[in-house]
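Work through the exercises below with the sequence and the model open. Try each task before you read its solution.

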Amino acid sequence: MTGRLVSLTRGALLAAWMAGTAAHSHQTPPGDVYPVVTRTDRGFTLTYRSSIEDRAYAQPYGLDGQPSAGKKVIPTSKLPTPVRTVNRWPRPKGMSADTEQNVLRVIFLGYGTTAGVVSDNTHAEWIRMVKGNASLCRLRIDTLQQRCDTFGRVLDGPMGLELLDEPLARGSERAVFWVNERSQLMFSSWERYSDAPVRTRLVGDGFSWNTDLSSAVNGEVALVAAHLPGPDGLFRIRTWTTPWPVGPGTAGK
């Protein structure tokens with residue numbers, strides 16, 4: 001037992017303790033190996049491309065967070081395109097042009113970066129990043145009353161925006177994986193369009209600014225993959241799972 005614990009990294013132990021499963025990693029050569037996680041009928045699929053090998057791979061995972069089969073070589077044309085909602089506005093059906101202009105002024109004017117905007121014609125909701133501080137903002141469209149609550153500080157770096165993944169949706173809840181200024185992987189969830197607080201929990205650690213995240217949700221399980229540089233000059237893709245919904249968490253700092 002001692003030897004097994006020694007062989008695990010601190011990040012894997014934290015992930016095992018917090019999420020109920022150990023982190024999984026496999027080594028990939030340096031290059032274009034950014035991960036994309038998608039939901040499947042039986043769990044998840046992690047796909048990525050190695051520019052040095054000039055091959056694309058697909059690795060299936062079960063809902064337990066364990067690889068359910070070996071990785072397979074796939075045509076590069078089968079690689080999914082990552083979806084990014086940074087500074088994008090999904091106009092709701094039926095919204096008038098005047099109302100839209102008023103909403104856009106609130107959401108996009110001012111300093112910072114906006115991601116994950118959603119609206120139901122009555123409310124709007126988005127994540128705003130200003131100098132590394134990530135806030136969940138909510139807007140009542142009829143009164144244009146806005147409220148923003150900071151839920152954490154994202155690790156700074158040239159790829160800082162990549163350290164905040166695309167928000168996930170599950171029923172009336174939304175959630176997002178992100179890396180904080182302490183190089184820890186966090187999972188924050190909240191009730192859509194409500195005044196309820198954001199719940200944040202620790203998932204793993206050992207990150208750096210040179211990280212790219214991709215995640216998906218299936219049932220009550222969320223899986224995230226991270227592209228991480230190793231000390232030997234090779235990049236690795238590692239995965240973590242976390243249950244969702246989650247109980248009360250700690251503030252992301």
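Predicted model: local features only at pLDDT ≥ 70, side-chain atom pairs only at ≥ 80, totals over all residues.

Residues are numbered from 1 along each chain as its sequence is written, and side-chain values use heavy atoms, with hydrogens and water left out.

**Exercise 1. The whole chain**

Task: State how many helices and strands the chain has, and what share of its residues is buried.

Solution. 
- Step 1: Take the elements. Helices (H or I, at least four residues) and strands (E, at least two) are DSSP runs, numbered from the N terminus. The chain has three helices and 16 strands.
- Step 2: Take burial. Buried means under 20% relative accessible area, exposed means over 50%, and partly exposed lies in between (1.4 Å probe, protein chains only). Of the 253 residues, 49% count as buried.
- Step 3: Take contacts, meaning heavy atoms within 4.5 Å. Among contacts in the chain with a separation of 6 or more, 47% come from residues 24 or more positions apart.
- Step 4: Take the surface. Accessible areas come from the Shrake-Rupley method with a 1.4 Å probe; for residues, only the protein chains shown count as cover. The chain exposes about 12400 Å², and carbon and sulfur atoms supply 52% of it.

**Exercise 2. The disulfide**

Task: Find which cysteines form a disulfide, and say why it is called right-handed.

Solution. 
- Step 1: Apply the rule. A disulfide is a pair of cysteine sulfur atoms within 2.5 Å. The count comes to one disulfide.
- Step 2: Name the pair. The sulfur atoms of Cys-137 and Cys-148 are 2.1 Å apart.
- Step 3: Read the torsion. About the S-S bond of Cys-137 and Cys-148 it is about 115 degrees, so the disulfide is right-handed.
- Step 4: Cys-137 lies in strand E8 (residues 133–140) and Cys-148 in strand E9 (residues 145–153), so the pair ties together parts that are 11 residues apart in sequence.
- Step 5: Cys-137 is buried at 0% relative accessible area. Cys-148 is partly exposed at 36%.

**Exercise 3. The sheet around the disulfide**

Task: Give the order of the four strands in the open sheet that holds E8 and E9.

Solution. 
- Step 1: Recall how strands join. Strands of a sheet pair through backbone hydrogen bonds, either parallel or antiparallel. Here, two strands pair if DSSP finds at least two bridges between them.
- Step 2: Read the order. It is E6-E7-E8-E9, with antiparallel pairing.
- Step 3: Find the edges. Strand E6 (113–119) and E9 each have a single partner strand, so one side of each is left without a neighbour in the sheet.
- Step 4: Look at E8 and E9. Eight bridges join these antiparallel strands. Cys-148 in E9 is the bridge partner of Cys-137.
- Step 5: Check the loop. Thr-143 sits between E8 and E9. Thr-143 is partly exposed, at 44% relative accessible area.
- Step 6: Axes are lines fitted to C-alpha atoms, for helices over the stretch in contact, and angles run from 0 to 180 degrees between N-to-C directions. Helix H3 (residues 97–108) lies across E6, strand E7 (123–130), E8 and E9, at about 25 degrees to E7.

**Exercise 4. One residue up close**

Task: Is Glu-173 buried or exposed, and which side chain does its own side chain make a polar contact with?

Solution. 
- Step 1: Arg-170 stands opposite Glu-173.
- Step 2: Check burial. Glu-173 has 8% relative accessibility and counts as buried.
- Step 3: Find the partner. A polar contact is a pair of N or O atoms within 3.5 Å; within protein, one must be able to donate a hydrogen and the other to accept it, and residues adjacent in sequence count only if both atoms are side-chain atoms. The side chain of Glu-173 makes one with the side chain of Arg-199 (2.2 Å).
- Step 4: List neighbours. Leaving aside those within four places in sequence, the contacts of Glu-173 include Trp-190, Arg-192 and Trp-244.
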